[in-house]
Amino acid sequence: MKALVYQGPGKKDWMEVPDPVIQQPTDVIVKMIATTICGTDLHILKGDLPEVEVGRILGHEGVGTV
Ligand SMILES: [Zn+2]
């Protein structure tokens, strides 16, 4: 699947990443219809959250079907 991936302060890439897998009995996989970034993602991109490592997939505000 494609994802917007954090590449360090001020850098991001639209890239191919592995499809999600169920890891815990309480997990679900959501087929996304629409998603966007939010203020938290903007702070990550700005470099305000150094604990966020390169490779983090951005965009957690979504609408989809389970
Ligand atoms: Zn958010």
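1. Three residues coordinate the zinc ion: Cys38 through SG, His60 through NE2 and Glu61 through OE, at 1.8 to 2.2 Å. Note that this is a predicted model. Along the sequence, the donor residues follow the spacing C-x21-H-E.

2. The cysteine and the histidine come from distant parts of the chain, 22 residues apart. Cysteine 38 sits in the loop between S3 and helix H1 (39-46), while histidine 60 sits in the loop between H1 and S4.

3. Are these two residues buried or exposed? Cysteine 38 has a relative accessible area of 17%, and it counts as buried because the cut-off for that word is under 20%. Histidine 60 has a relative accessible area of 48% and is partly exposed; the word "exposed" is kept for values over 50%.

4. Strand S3 covers residues 31-36 and strand S4 covers residues 61-65. The two strands run antiparallel and are joined by 5 bridges. Within this pairing, threonine 35 stands opposite glycine 62 in S4.

5. How many of the 6 residues in S3 are buried? The count is 0, so by the under-20% cut-off this strand is hardly covered.

6. A word on confidence. The protein averages a pLDDT of 94, and 100% of the residues score at least 70. Which strand has the lowest confidence in the protein? S3 does, at a mean of 90. The highest confidence is in strand S2 (residues 12-16), at 97.

Conventions. Residues numbered from 1 in each chain as written. Predicted model: local features only at pLDDT ≥ 70, side-chain atom pairs only at ≥ 80, totals over all residues. Heavy atoms only, no water. Buried < 20%, exposed > 50% of the residue type's maximum accessible area, 1.4 Å probe, protein only. Helix = DSSP H or I, 4+ residues; strand = E, 2+ residues; numbered from the N terminus. Pairing = 2+ DSSP bridges. Donors = N, O, S within 2.8 Å, 3.2 Å for Na, K, Ca; no water. pLDDT = per-residue confidence, 0-100.
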